[in-house]
Amino acid sequence: MTNTNYSSGGTSAKTTYTAPPAAPTTNYGGTGNALNEILYSKKQYDAGNKGWAAQNAQQYYSQLDPSESAAVSKMNTQQLTDYINSKNQPAANTGGDTAAPVPNIPNYGMNTGFVPAAPAQAPDYTNIMDTIRNSYMSDIKSQSLSIQQALDKAIAASQLNVNQNNNQLQEHIRGLTNQKAQLDDAAQQLQNRRGGFYSGGLDYQLSGINKNTQQATSDAQRDVATRNDAIYANNSLLAQQAADTIKQLETAAPDKIRELIRQAINDERSFGLQEGALTGSYNGNPTLAAQQFQWGQQVDSANLTGQFNGQKTLAGQQQAWNQQQDTINNNAQYGGTYNGNKTVQQQQQEWQNRFNYGQTIGQFQNGQQTLDAKNQAFNQNVTMAQLTGYLPDGTPTSAQQQQNLANLWNVADATGVIPDSLATMYGLPKGTQTQAAFQFAQQLAISRQNANTSSNSNANSNANAQFNQLMDVWKATGTAPAGLEAYGVSQGAAYTTGAAAKAAEPKVYEDYQANIDKVAQRDKKGNITNPEAVKKYISGSPMSNYEKYRAWIASGLEWPSNVEIPSPGE
């Protein structure tokens with residue numbers, strides 16, 4: 001492979017690099033690979049280019065997951081190299097077969113015998129990348145050195161101007177000093193010629209000479225200082241420009257390097273593709289055209305012989321399948337079995353027979369009763385309840401309860417005193433005379449006539465009847481009996497029309513939510529541990545059926561599957 005020249009594009013000479021060896025065992029990844037970029041930055045950091053290395057590496061740490069980024073940041077160059085090698089190391093072949101792995105290609109039930117070439121290992125561009133980076137960074141150092149040398153030369157030249165200005169100033173000051181001495185001497189001689197007597201004119205003349213000399217000296221010093229300051233300011237500007245230029249070179253280095261690396265890798269790939277097109281081999285593997293040619297030869301042979309690697313072709317398989325399907329259809333139609341197994345038609349017929357038998361006897365094989373059997377059992381229970389006055393669980397029917405109540409009243413009529421059980425039922429004092437209790441019972445009977453006695457609302461009817469009884473006792477005695485607490489009435493409260501109206505208002509779930517939460521006991525997961533107590537409290541509350549359903553579901557209880565969900569307003 002020919003060698004190619006790449007450089008940073010600066011004024012320095014171009015650097016030649018050598019192409020990498022074929023199929024290396026270690027691959028650091030191409031340009032832009034996060035681990036590879038961080039590895040190179042660590043190398044540059046160790047070489048002394050710390051500012052650029054830190055800037056270049058920082059943008060790639062964020063591409064790693066947090067745990068890997070933290071671990072990589074603590075690795076030195078060798079540790080990171082070993083880590084990358086371990087990630088890119090191919091899996092060990094434990095089967096003793098050194099052949100390249102075969103891709104999973106669909107063969108539609110046939111062993112084609114065609115083994116495509118294994119994917120080539122990705123080329124290692126590390127040598128190219130390192131060469132380009134080192135070359136470009138060397139160019140930056142050379143350019144930076146040239147800029148610094150030019151700056152030093154300019155500053156040295158300007159310093160000569162400063163020295164020259166200072167020398168000229170000193171020479172000018174010496175001339176002014178000599179001139180002053182000559183003027184002072186001339187004034188003194190003039191005074192001497194006039195007889196040497198004291199004269200104020202001499203002092204005035206000497207003072208003027210001294211003042212003029214000082215003014216000329218100050219002007220000269222100020223002029224030189226101004227020129228030197230301008231030189232120093234220009235030196236500072238040149239130094240700043242030099243620093244900015246070097247900074248720009250270093251800042252642009254990562255992008256420049258990446259561009260040169262991309263160009264170099266593209267050239268390498270283009271060369272490999274051109275070589276593959278000419279030779280039919282790329283990285284030691286046959287090209288797609290060569291593989292296609294091999295496949296075409298095998299397909300042509302299969303079409304001619306009807307066999308492909310010792311197996312029937314697709315046409316042969318189709319013929320065998322048609323024959324097998326004919327056999328299946330014949331066996332299913334005349335025998336009901338195929339290969340000793342029942343056909344779908346036979347299984348369907350047996351299921352229909354079992355279903356018909358279950359319908360006849362009222363119960364299926366899994367023990368589940370039919371709907372007709374359930375209805376018959378229900379009707380039997382209803383008939384027995386009507387005959388005996390009691391449900392199967394021993395609960396008396398409404399008619400039986402009325403009969404028991406009538407029996408107690410007969411006893412009261414016969415004795416003239418309300419029986420204790422009847423007094424307890426109505427909240428009357430034990431021993432109450434029959435006549436007063438009878439009048440109270442007549443009023444209570446009127447309210448009971450409006451109660452709902454249907455089987456679906458027995459619980460509500462009982463609750464309403466009990467409520468009406470308690471309300472009548474409250475009204476008759478003027479003092480609230482026990483049992484009205486759930487309606488907001490405390491035991492012993494005085495009877496008023498407003499309080500009675502408020503107690504009779506329809507109740508909703510929210511009126512009992514706090515009490516239900518107190519009754520319910522829950523474990524750490526929030527599950528109710530005493531569901532029967534909660535169910536009993538909700539069922540005995542004066543809420544409507546729908547509000548009881550709301551309370552039931554809100555408390556986390558499962559609504560019985562055999563009970564219809566009430567509608568709002570029920």
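Which helix is Glu37 found in? Glu37 sits in helix α1; helices here are DSSP runs of H or I with at least four residues, numbered from the N terminus. Is Glu37 buried or exposed? Glu37 is buried, at a relative accessible area of 2% (buried is under 20%, exposed over 50%, partly exposed in between, with a 1.4 Å probe and protein chains only). Its C-alpha atom lies 9.6 Å from that of Ala53, 16 residues apart along the chain.

A quick word on the ground rules. This is a predicted model, where local features need pLDDT of at least 70 and side-chain atom pairs 80 or more, while totals for chains, interfaces and linings use all residues. Residues are numbered from 1 along each chain as its sequence is written, and side-chain values use heavy atoms, leaving out hydrogens and water.

Now for how α1 packs on α3. Their axes (lines fitted to C-alpha atoms over the stretch in contact, with angles from 0 to 180 degrees between N-to-C directions) are 12 Å apart at an angle of about 20 degrees. That makes α1 roughly parallel to α3 (under 35 degrees counts as roughly parallel). The residues in contact, meaning heavy atoms within 4.5 Å, are these:

| Helix | Residues | Contact residues |
|---|---|---|
| α1 | residues 34-46 | Leu35, Ile38, Lys42 |
| α3 | residues 66-73 | Glu68, Val72, Ser73 |

On to the cores, which are sets of buried Ala, Val, Leu, Ile, Met, Phe, Trp, Tyr and Cys residues joined through side-chain atoms within 4.5 Å. The largest nonpolar core has 21 residues, and Met471 and Trp474 are among those touching the most other members. Helix α14 (458-477) is one of the elements giving two or more residues to this core, and its four residues are the largest share. Apart from this core lies another, of 17 residues, including Tyr40 and Leu249.

Technical notes:
Angles under 35 degrees count as roughly parallel, over 145 as roughly antiparallel, 65 to 115 as roughly perpendicular and the rest as oblique.
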